[in-house]
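The stops below go from charged pairs to a sheet and then to a core.

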Amino acid sequence: MEIPNREVILRFMKHRNRKTMAIFMGGLLLCGAPVAFADFGSLNWVGPNLDGLSASAAMDSPIAPYNVLSSPSTAANDRLYAVVGTGRSVTRVTYNVYTPIEVIPAEKLAVTTAVYPSMPLTTLATGERHSLAVSQDGSVWSWGSSTGAQGGDGKSSLTSPMKVSGLRDIRSVSAKGIHSLALQANGQVWAWGNNSFGQLGTGSEESHSGPVVVLDNVAAIASGTVHSVALKKDGTVWTWGYNVSGQLGDGTTATRWNPVQVSGLNHVTAISSSGSSTLALKDDGTVWAWGDNYAGQLGDGTKDNRSIPVQVSVLTNVYAIASGGYHSMALQSDGSVWTWGDNRYGQLGDGTTTGRLKPERIAGLDNVSMLAGGLFHSLAIRKDGTVWSWGNNQFGQLGDGTTINKSLPVKVRTIDDARTIDAGTYSSAAKSEQGKYFMWGENSSGQLGNGTTSPSRIPITVVDLNGDDRDTTSPTAPENVTVTGISTNLICIAWTDATDNVGVAGYDVYRDNVKIGSSPTTSYIDKGLNASTSYVYTVRAKDGAGNTSAPGNAITAATLVEVDALQR
């Protein structure tokens, strides 16, 4: 991107301790985080102002902050201070950071109508059983199940990334259902995969194994299970696909094979969709929702489906939104998190399993910069780069090393510099500041991209992406294998957790040198054994890349004698 006057430097300065990020682009220096760029012909700043960021520009500069569309704020930690120079005058203004400040030439005096997403672009996405990533060169890579060809390669399944042909200069991807979306730098939306309900927006029900163009002039994309959503640069929202619950927001429940505009919704800065409902964030900090309301995920105090947008109760000053399968989340500009909807697995993060029809704040979770919602679990990035998770943990998708559901946020292991996150049906994903791609959770279709189909309870590196080397280091052998329970037909064993350079994904258990099963935890129950019989057990650890350890110490255990035999 070319900056008209390279001698001008616009400085964004911080007033609290935090690791800074600096990007030099044609003589323009930006410092601070979080920051998101939607590069459609101009440079933009947007994000929660947790650090008290300030901006200034020379009075006579032909480049100056411009086009701040949100309303004034009085909270000191909730505002961006900008000196706006037009080349003729300087005016000091204070605004919430809901929408970008656009850097434009001074001769362009009229406020533009362009609206950009108030969340980082999604460069790593995981869906029902497949995943997508945007490489540094703008290409798209896919892995996992290709049912309906959502991987873009026509193959049945991929356990490691493969490049999607025909795509370049991609800025964002979405993969919540069994189809895929990609947003190009020029504002074009591309779609491929299953199209049974028109979710590709091509005007027919024909599925496509490769990307096809759907829509132009778009700033953000989101995919539901079998519908799709796009935010145009003019702040309007467009939808297409299945509509039985009103998730298209056009006032009907009719399936749409081509994009239609959401009724009465303008000035939108962010969208999110998962399942059969959709969320939108407006530039005044309010949240709007429509579609399925089975568990109260629309947040309007009811369980009634809505075919046109309704305002979510309670919420103001919102910076970002995230939609789960049947629950919803909002991030306020002060870094606090609010949740509502289904809570059967603790995915609302309030320490209970009681659902809510209106948003409530998660106590103790603050300084958050990004949210992501899975089917029954939730993720958040904090300012310090750590990732936190809560909700369903059946496949280890919370990344805390267990498979136990959590109703309060827990820290995801091994990641301390996360830049972006996403949550799929039963899997999770994160990208680090260094550009490393991590995934964890279910892996039955290879959706973790580590070359195997083994689940992982902690983050593991996606292989062969952006030059990442395949992990070849084996875990240490499990220690202290002992018998913890015994009966006439079963034996319980346990051991000490092994260690690994990336992380242990699980354990294989052997009886008399034959593998009998696997465990994601450090214990195993061997059932259906013969009474009064001795067995020898060993355990091997394995990581997400399929590397296995040497066997731990062997132990011999015998089942108990049958009672009637003792009586004889």
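The structure holds 15 salt bridges, a salt bridge being a side-chain nitrogen of Lys or Arg within 4 Å of a carboxyl oxygen of Asp or Glu. This is a predicted model, in which local features need pLDDT of at least 70 and side-chain atom pairs count only at pLDDT 80 or more, while totals for chains, interfaces and linings use all residues. Residues are numbered from 1 along each chain as its sequence is written, and side-chain values use heavy atoms, with hydrogens and water left out.

**Stop 1: Glu442 and Arg129**

Select Glu442 and Arg129. They form a salt bridge whose closest N and O atoms are 3.5 Å apart. Glu442 sits in the loop between β36 (437-441) and β37 (456-461) and Arg129 in the loop between β10 and β11, so the pair ties together parts 313 residues apart in sequence. Strands here are DSSP runs (E, at least two residues), numbered from the N terminus. Glu442 counts as buried at 5% relative accessibility, whereas Arg129 is partly exposed, with a relative accessible area of 33%. Buried means under 20% relative accessible area, exposed over 50%, and partly exposed in between (1.4 Å probe, protein chains only).

**Stop 2**

Next, select Asp422 and Lys176, a salt bridge with its closest N and O atoms 3.5 Å apart. Asp422 belongs to strand β34 (residues 418-423) and Lys176 to the loop between β14 (170-174) and β15 (179-184), so this pair ties together parts 246 residues apart in sequence. Asp422 is buried at 11% relative accessibility, and Lys176 is buried at 16%.

Then select Arg382 and Asp366, whose side chains meet in a salt bridge (3.1 Å, N to O). Arg382 is in strand β31 (residues 377-382) and Asp366 in the loop between β29 (356-361) and β30 (368-373), 16 residues apart. Arg382 is buried, with a relative accessible area of 15%; Asp366 is partly exposed at 34%.

**Stop 3**

β10 and β11 (residues 130-134) pair in the antiparallel sense over 3 bridges; two strands pair if DSSP finds at least two bridges between them. Ala125 stands opposite Leu132 in β11.

**Stop 2: the largest nonpolar core**

Which residues have the most contacts inside the largest nonpolar core? Select Ile491, Ile493, Trp495, Tyr507, Val509, Tyr537 and Val539, from a core of 16 residues. A nonpolar core is a set of buried Ala, Val, Leu, Ile, Met, Phe, Trp, Tyr and Cys residues joined through side-chain atoms within 4.5 Å. β39 (491-496), β40 (504-511), β43 (534-543) and β44 (555-558) each supply at least two of its residues. The largest share, 4 residues, comes from β43.

Of its 10 residues, 7 are buried, so β43 is largely enclosed by the rest of the structure. β43 runs antiparallel to β40, joined by 7 bridges, and Val509 stands opposite Val539 in β43. β43 also runs antiparallel to β44, with 4 bridges between them; the bridge partner of Tyr535 in β44 is Ala557.
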